[in-house]
Amino acid sequence: MKYFKSLAGMAVFISVAALLCLSACQGCGGRNTPGNNDTITDSLSEIDKISLEIRQNPRQHGLFFKRAGMYYNQGLLNEAVNDIEIALRLDSLNPIYLITASDYYLMLGKSEQTKQALDKCLAAYPQNTEARFKLAQLYFYVKEYDKAIAEVALIEKAGKQSDKTYYLKALVFSENNMFNAAVESLRKTIEFNPQHSEAYNMLGMMYYEANNKLAVEYFNTAVKLFPQNTMILLNAGLCYEKFGMTDQTRTMYERALQVDSISYQPNFNMGYYLLMYTDDFKAAARRFSKAIDASPKSAEAYYNRGLAWESAGDLKKAADDFRKAMEIVPNYELAIKGLNRLDTK
């Protein structure tokens, strides 16, 4: 996947990684999204109940499928795989079971087993659009882009295109530096689904990378449509900074912190803004400290906090942070230069 960075090295993220696990969140009966279950105690109690039912009815494949979903909700993927495989031994051509198995295999990084499950499903049910889309996703995941596009083409031929198929095409085109084709697919994505936040974000970032001020227009719209989306707020701030709109940049980072005050990126970005565009270096250091709390192994956050302390005149704290950055990343060039600079003061 692509990661965009500002000149200061701030990572700005496109929500593409979510695509790789998208299959686990789409329409197979019996599955729930992790985190939506009740308390662990209640869930385990339900697992105990269904396990008793399984002992009483060991050939009821639906019970194994149901328990697989419960294990999945607990993050017990190996146990979930074991149960879905038992369900498939009892009902080998059930399309829901095959697709669910492909989801679990993909989440475990088992691309070969993922493909086998989807191929088997499509051999029995060639018109199953969900399985074909997941196969296209898999091809994208393993960087077989031509095959991914071919699978999407079959979906389109059947008249089953959607925002998901166009978005997947946009990702493929972007990975292959086909700017115009990616933009066209993203626009189609939005036509099918005006609430597709990832498409708006990706359009904005593509124009940002192309130094095209249309990026501002896309982020203006995206911020209005998705005012609680931290990723969009942060990327909008970065875009505004690039085009000299630093007041708007600060507004975006402040809004991102209102939505999420404890995560790494909102605090890091605000710290960087304060460091670069204000004289409030201690406030910048506090923001970097919160970023470090969220990500203690971030050499970049330690380095930038060192810069903030250096600018504030606290050279000891600055040196400590530069050294800490070098503990995390040996031979961190900027930190070495920082320490050398301090030696001359």
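This is a predicted model: local features need pLDDT of at least 70, side-chain atom pairs count only at pLDDT 80 or more; totals for chains, interfaces and linings use all residues.
The chain contains 19 helices and two strands. Of its 345 residues, 49% are buried. The accessible surface of the chain is about 16800 Å², and carbon and sulfur atoms account for 50% of that area.

Next comes the interior. In soluble globular proteins, nonpolar side chains tend to be buried together. Here the largest nonpolar core has 104 residues, and the members that touch the most others are Tyr104, Leu186 and Phe322. Helix H11, residues 197–209, gives the most to this core, with eight residues.

The aromatic side chains can be followed in more detail. A pair of aromatic rings is described by the distance of the centres and the angle of the planes. The model has 12 aromatic pairs. One of them joins Phe140 and Tyr145, with 5.9 Å from centre to centre and 55 degrees between the planes, a tilted arrangement. Phe140 has a relative accessible area of 1% and is buried; Tyr145, at 14%, also counts as buried, because the limit for that class is under 20%.

Tyr273 and Tyr277 make another tilted pair, with ring centres 5.1 Å apart and planes at 35 degrees. Both residues belong to helix H15, residues 264–277, where they are four residues apart, or about one turn of the helix. Elsewhere, Phe179, Tyr207 and Tyr218 form one aromatic cluster.

Lys242 is placed over the face of Tyr208, at 4.2 Å from the ring centre. For Trp309, the charged end of Lys317 sits over the ring, 4.4 Å from its centre.

The cysteines come last. A disulfide is a covalent bond between the sulfur atoms of two cysteines. How many disulfides does the model have? The count is zero, with a pair of cysteine sulfur atoms having to lie within 2.5 Å to qualify. Cys121 is buried, at a relative accessible area of 0%, and Cys239 is likewise buried, at 0%.

Conventions: Residues are numbered from 1 along each chain as its sequence is written. Side-chain values use heavy atoms; hydrogens and water are left out. Buried means under 20% relative accessible area, exposed over 50%, partly exposed in between (1.4 Å probe, protein chains only). A nonpolar core is a set of buried Ala, Val, Leu, Ile, Met, Phe, Trp, Tyr and Cys residues joined through side-chain atoms within 4.5 Å. Accessible areas come from the Shrake-Rupley method with a 1.4 Å probe; for residues, only the protein chains shown count as cover. Rings of Phe, Tyr and Trp (its six-membered ring) pair if their centres lie within 6.5 Å; planes under 30 degrees apart count as stacked, over 60 as edge-to-face and the rest as tilted. A charge sits over a ring if NZ of Lys or CZ of Arg is within 6 Å of the ring centre and within 35 degrees of the ring normal.
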